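Subject: Handing over the structure

Hi,

Here is the structure I promised to pass on.

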Amino acid sequence: MAYRDKSFTVNIIPHDATRSRREWTISGRKQVVFRFLMALFVLAVLGSAVVLSAGTAEFTRTAALREKNSLLADSLAMARELNRRLDSVELELQEIRNTRSVIENLATAGVSEENNE
């Protein structure tokens with residue numbers, strides 16, 4: 001069985017004909033380092049893809065939370081408006097009570113003066 005060369009050659013051929021062609025033959029220790037670096041590169045790309053997919057899942061979760069937050073903010077604004085209206089109604093009722101108290105005092109004052117005469 002014939003010995004097979006396990007090295008490989010990298011050729012860079014530019015589109016521009018005036019520039020020179022580059023060629024590298026990678027074998028032996030360089031080939032081991034090159035394979036190790038390529039494996040690291042592939043793992044980095046795969047890790048980036050995993051992080052990106054997890055990040056997009058997080059964006060969808062935050063979008064749902066953002067929507068819920070918006071609904072809660074609207075609900076809070078409505079509750080504050082109702083609270084403001086209730087406060088104004090309470091002020092009106094207090095004014096009515098005060099007026100009624102003044103009218104009752106005037107009515108009882110008039111009755112007691114008529115009894116004294």
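This is a predicted model: local features need pLDDT of at least 70, side-chain atom pairs count only at pLDDT 80 or more; totals for chains, interfaces and linings use all residues.

Residues are numbered from 1 along each chain as its sequence is written, and side-chain values use heavy atoms, with hydrogens and water left out.

Salt bridges

What does E81 pair with? E81 makes a salt bridge with R85, and their closest N and O atoms are 3.3 Å apart (a salt bridge is a side-chain nitrogen of Lys or Arg within 4 Å of a carboxyl oxygen of Asp or Glu). Both residues sit in helix α1, 4 residues apart, or about one turn of the helix (helices are DSSP runs of H or I with at least four residues, strands are runs of E with at least two, and both are numbered from the N terminus). R85 is partly exposed as well, since its relative accessibility is 48%.

Further along, R100 forms a salt bridge with E104, with 3.1 Å between the closest N and O atoms. These two are also in helix α1 and 4 residues apart, so about one helical turn separates R100 from E104. R100 is exposed because its relative accessible area is 56%, and E104 is partly exposed because its value is 40%. Salt bridges with shared partners also tie E81, R84 and R85 into one network.

Another salt bridge joins R21 and E23, whose closest N and O atoms are 3.2 Å apart. R21 counts as exposed, as its relative accessibility is 51%, whereas E23 is partly exposed at 44%. By the rule above, the count comes to 4 salt bridges.

The overall picture

How many helices and strands are there? The protein has 1 helix and 2 strands, and from the N terminus on the elements run β-β-α. The helix, α1, covers residues 29–116.

A compact globule of 117 residues would have a radius of gyration near 13 Å, but this protein has 44 Å (the radius is taken over C-alpha atoms, and the globule rule is 2.2 Å times the number of residues to the power 0.38). Along its principal axes, the C-alpha trace spans about 140 × 40 × 20 Å. E92 is found in helix α1 and is partly exposed, given its relative accessible area of 48%.

Buried residues make up 2% of the 117 residues. The accessible surface is about 11,100 Å², and 61% of that belongs to carbon and sulfur atoms (areas come from the Shrake-Rupley method with a 1.4 Å probe, and for residues only the protein chains shown count as cover).

Where the strand meets the helix

Is Q31 buried or exposed? Q31 counts as buried, because its relative accessibility is 7%. Q31 lies in helix α1 and touches K6, S7, F8 and I26, leaving aside residues up to four places away in sequence (contact means heavy atoms within 4.5 Å).

There is also 1 aromatic pair. F8 and F34 form this pair, which is tilted, at 5.2 Å centre to centre and 55 degrees between the planes (rings of Phe, Tyr and Trp, the last by its six-membered ring, pair if their centres lie within 6.5 Å; planes under 30 degrees apart count as stacked, over 60 as edge-to-face and the rest as tilted). The pair links distant parts of the chain, with F8 in strand β1 (residues 8–12) and F34 in helix α1, 26 residues apart. F8 is partly exposed because its relative accessible area is 28%, and so is F34, at 30%.

A nonpolar patch

Finally, a nonpolar surface patch of about 960 Å² is made by V33, F36, L37, M38, L40, F41, V42, L43, V45 and L46 (patches are made of residues with over 30% relative accessible area and no salt bridge, joining like charges within 9 Å and nonpolar side chains, that is Val, Leu, Ile, Met, Phe, Trp and Tyr, within 5 Å). V45 belongs to helix α1 and is partly exposed, as its relative accessible area is 43%.

Cheers

Technical notes:
Buried means under 20% relative accessible area, exposed over 50%, partly exposed in between (1.4 Å probe, protein chains only).
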